[in-house]
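This report covers the sheet, a helix pair and some backbone features of the model shown below.

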Amino acid sequence: MHKFAPIELKYPAVRARAETLRMMLHHSNITFTDTVMPFSKIEEERPMAPMGVWPTLTLHGAEGKPVLFESGAIARFIGKHAELYPADPLAAARCDAVFEVAQHLSDLNPLLNMFDEEKRKERGETIIGTALMRLERLNKQFEASEHTFSVGNDPTMGDFHLWHVLDVLELCAPGSLAKLPGLEAFFVDLVKSSEGMRRYLAERPKPGSGELGAPNSIMMTSTSENPYYKDLI
């Protein structure tokens with residue numbers, strides 16, 4: 001990635017789609033500028049984003065300073081340069097499948113970062129129920145696997161995205177991970193395996209810090225971080 005440096009990741013002030021990218025970059029010890037936009041700047045910045053949404057990854061050191069967009073495309077770009085995306089086609093398909101499972105559960109992100117109490121009561125049960133139903137199937141696969149991660153014993157792009165979804169699920173519905181023992185073990189193992197990820201988790205803004213989330217959201221009002229990695233970072 002050094003040939004593209006400096007690189008800049010840009011995302012609004014929420015803990016959502018950019019978390020996967022941040023964890024991959026920190027895990028791989030890739031230096032980058034992490035630009036967090038306050039809510040007040042979103043409409044001002046929107047015309048400068050290729051699709052009007054984020055995350056974006058700007059390669060300031062590449063010719064023309066290209067701006068990459070869409071979280072999946074950015075994750076694969078980082079993964080291919082940081083050896084977090086398998087070269088073997090079958091392993092790559094498995095990595096992509098796990099990534100897409102997590103992508104389908106993206107409704108968890110606004111539940112954590114955007115919804116106020118009334119909207120959480122209206123939609124939270126359905127979002128959590130759908131997530132648990134899908135993850136129960138994946139949990140059985142992890143329980144049956146002889147490997148630590150989704151593709152062998154080294155983490156890939158899909159693992160970081162899955163970890164983010166599990167993290168958000170536990171913050172929105174404490175006790176959920178205990179219902180998924182295979183994924184619960186995976187969740188802890190990924191933190192233990194990655195020094196860069198542990199550093200990032202220790203320094204990132206915490207719930208209730210006032211730095212992330214919409215007013216009256218879980219992220220803005222809660223003071224509880226995920227207990228699963230509290231003692232690991």
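In which sense do S1 and S3 pair, and over how many bridges? S1 and S3 pair in the antiparallel sense, over 4 bridges. The model is a predicted one.

## Sheet layout

The sheet is open and has 4 strands in the order S2-S1-S3-S4, with mixed pairing. Its edge strands are S2 (33–37) and S4 (67–69), each of which pairs on one side only. From one strand to the next, the twist averages 20°.

Helix H1, residues 18–27, packs on this sheet and touches strand S1 (7–12) as well as S2. The direction of H1 makes about 150° with that of S1.

## Strand S3 and its partners

Strand S3 spans residues 56–59 and pairs with S4 in the antiparallel sense over 3 bridges. The pairing of S1 with S3 is also described as antiparallel, with 4 bridges. In general, strands of a sheet pair through backbone hydrogen bonds, either parallel or antiparallel.

Lys 10 has Thr 56 of S3 as its bridge partner. Thr 56 in turn has Phe 69 as its bridge partner in S4.

## Packing of H8 and H9

Helix H8 (residues 181–193) packs with helix H9 (residues 195–203) at an angle of about 100°, and their axes lie 5 Å apart. Angles of 65 to 115 degrees count as roughly perpendicular, and H8 and H9 are therefore roughly perpendicular to each other.

On the H8 side, the contact is made by Leu 190, Val 191, Lys 192 and Ser 193. On the H9 side, Glu 195, Met 197, Arg 198 and Leu 201 make the contact. By class, the contact of H8 with H9 has 4 nonpolar, 1 polar and 3 charged residues.

Pro 6 is found in the segment before S1.

Pro 55 is located in the loop between helix H2 (42–45) and S3. Most residues other than glycine have a negative phi, and most peptide bonds are trans.

## Positive phi angles

Which value of phi does Glu 70 have, although it is not a glycine? Phi of Glu 70 is positive, at about 75°. Glu 70 is placed in the loop between S4 and helix H3 (71–81). With a relative accessibility of 45%, Glu 70 counts as partly exposed, since that class lies between the buried limit of under 20% and the exposed limit of over 50%.

Asn 216 likewise is not a glycine and has a positive phi, of about 70°. Asn 216 is found in the loop between H9 and helix H10 (218–221).

Notes. Residues are numbered from 1 along each chain as its sequence is written. This is a predicted model: local features need pLDDT of at least 70, side-chain atom pairs count only at pLDDT 80 or more; totals for chains, interfaces and linings use all residues. Side-chain values use heavy atoms; hydrogens and water are left out. Two strands pair if DSSP finds at least two bridges between them. Helices (H or I, at least four residues) and strands (E, at least two) are DSSP runs, numbered from the N terminus. Axes are lines fitted to C-alpha atoms, for helices over the stretch in contact, and angles run from 0 to 180 degrees between N-to-C directions. Contact means heavy atoms within 4.5 Å. Angles under 35 degrees count as roughly parallel, over 145 as roughly antiparallel, 65 to 115 as roughly perpendicular and the rest as oblique. Ala, Val, Leu, Ile, Met, Phe, Trp, Tyr, Cys and Pro count as nonpolar, Asp, Glu, Lys and Arg as charged, and the others, Gly among them, as polar. Buried means under 20% relative accessible area, exposed over 50%, partly exposed in between (1.4 Å probe, protein chains only).
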